Amino acid sequence: MRNRLSFSVPAVLLALACSTPTTPSAAPSSTTTTTTTTGAAPAWYSKFSSAVTVSIDGSNVLLRSTGVPDHTSPYWGVGNALYEAPHAGMQLNPNRISTQSLVLRVPSAPTAATPSDTPMEPMGIAVNGVALFNQYAAGRSPLTNEILSFDRFNGHPQQTGQYHYHLEPLWLTARDGEAALIGVLLDGYPVYGPRESGGALPSGLDTCNGHTHTTTDFPSGSYHYHVTTSVPYISGCFAGRPGSIG
Ligand SMILES: [Zn+2]
Ligand SMILES: [Zn+2]
């Protein structure tokens with residue numbers, strides 16, 4: 001990759017962005033997976049697609065996926081059945097989508113906590129099994145340049161080939177509606193689209209991009225995040241005690 005001299009400086013910067021401090025798929029989880037117990041995850045997890053394996057492990061919901069999108073993208077690479085040409089103005093980064101071993105453990109009964117920073121690795125998972133990333137590029141810098149590399153569904157892969165969304169997953173909101181469940185963050189709180197079920201924009205979002213009220217999925221009310229068109233886009237912090245990756 002590094003001898004491809006045709007890359008412009010911005011492309012190199014894009015290639016270096018989204019670095020993760022550790023290999024996300026290297027979790028030695030064999031000892032913990034043997035303790036997995038059977039049981040039903042909360043009902044709203046049924047909205048996750050078959051690309052996500054949902055199970056219960058003690059007090060956590062265990063979500064596993066290969067992390068690849070169920071839609072077209074230039075990042076599949078020419079020759080792949082899901083390849084499509086970059087859209088006008090898109091600055092393709094040099095990375096390509098590859099299969100991951102994405103494992104998230106999230107509390108099945110989330111608990112509010114002092115807001116905490118989201119990590120520079122998956123902070124959640126979308127209903128189609130794609131990782132959700134935070135509002136930062138490498139070095140916790142703004143996404144300004146990276147946004148140019150997003151495909152038309154707001155995703156792109158980082159160096160390990162892990163495809164992810166930093167912004168509204170437009171594939172999901174176009175398919176399921178702007179009030180649909182988008183996914184879950186590591187703290188166990190759900191993420192919804194940019195609108196409430198009645199069509200209104202969400203009001204009173206806190207610094208983490210969430211608020212509490214009743215929804216179809218939570219008739220008794222629950223804290224939840226909404227994706228927004230401005231920073232932090234999905235979530236600016238965890239409002240609850242986060243679970244873990246791997
Ligand atoms: Zn990224
Ligand atoms: Zn809401």
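How many of the five residues of strand β11 are buried? Five of the five, so the strand, residues 181-185, is largely enclosed by the rest of the structure. That's where I'd like to start today. One caveat before we go on: this is a predicted model.

Okay, the overall picture. The protein has 246 residues, and buried ones make up 41% of them. By secondary structure we have three helices and 16 strands. If you take the contacts with a separation of 6 or more, 66% of them come from residues 24 or more positions apart.

Now, who sits beside β11? On one side there's β5, residues 124-126, running antiparallel to β11 and joined to it by three bridges. If you want a pair to click on, Ile125 has Val184 as its bridge partner in β11. Then there's β12, residues 190-192, again antiparallel to β11 and again over three bridges. Val184 turns up here too, with Pro190 as its bridge partner in β12. β11 and β12 make a hairpin with four residues between them, and in the turn Gly188 has a positive phi of about 90 degrees.

Let's zoom out to the sheet. It's an open one of eight strands, in the order β9-β10-β6-β5-β11-β12-β14-β13, and the pairing is mixed. The edges are β9, at 155-157, and β13, at 210-213, each pairing on one side only. Gly210 is the residue opposite Tyr225 of β14.

What about the core? In soluble globular proteins, nonpolar side chains tend to be buried together. Here the largest nonpolar core has 47 residues, and those touching the most other members are Leu104, Ile125, Ala126, Leu132, Ile182, Leu185 and Val191. Let me pick out Leu185. Setting aside residues up to four places away in sequence, Leu185 touches Met123, Gly124, Leu132, Val191, Tyr225, Ser235 and Phe238.

Which residues does Trp44 touch, not counting residues up to four places away in sequence? Leu181, Pro190 and Asp217. Trp44 is in the loop between α2, 30-33, and β1, 53-57. It counts as partly exposed, because it has 15 C-beta neighbours inside 10 Å. Look at Thr216 as well: Trp44 and Thr216 are 172 residues apart in sequence, but 9.5 Å apart in space, C-alpha to C-alpha.

The other tryptophan on my list is Trp76, in the loop between β2, 60-65, and β3, 102-107. Trp76 has 21 other C-beta atoms within 10 Å, so this one is buried. Leaving aside neighbours within four places in sequence, Trp76 is in contact with Leu82, Tyr83 and Ile97. Asn95 is 19 residues from Trp76 in sequence and 9.4 Å away in space, C-alpha to C-alpha.

Last stop, Thr228, which lies in the loop between β14 and β15, 238-240. Buried or partly exposed, this one? Partly exposed, because it has 18 C-beta neighbours inside 10 Å. Not counting residues up to four places away in sequence, Thr228 touches Pro194, Asn209 and Tyr233. And Tyr192 is 36 residues from Thr228 in sequence and 9.8 Å from it in space, C-alpha to C-alpha.

That's my tour, thanks.

Notes
Residues numbered from 1 in each chain as written. Chains lettered and ligands numbered in written order. Predicted model: local features only at pLDDT ≥ 70, side-chain atom pairs only at ≥ 80, totals over all residues. Buried ≥ 20, exposed ≤ 12 C-beta atoms within 10 Å, placed from the backbone. Helix = DSSP H or I, 4+ residues; strand = E, 2+ residues; numbered from the N terminus. Pairing = 2+ DSSP bridges. Core = buried A, V, L, I, M, F, W, Y, C linked by C-beta atoms within 7 Å. Contact = placed C-beta atoms within 7 Å.
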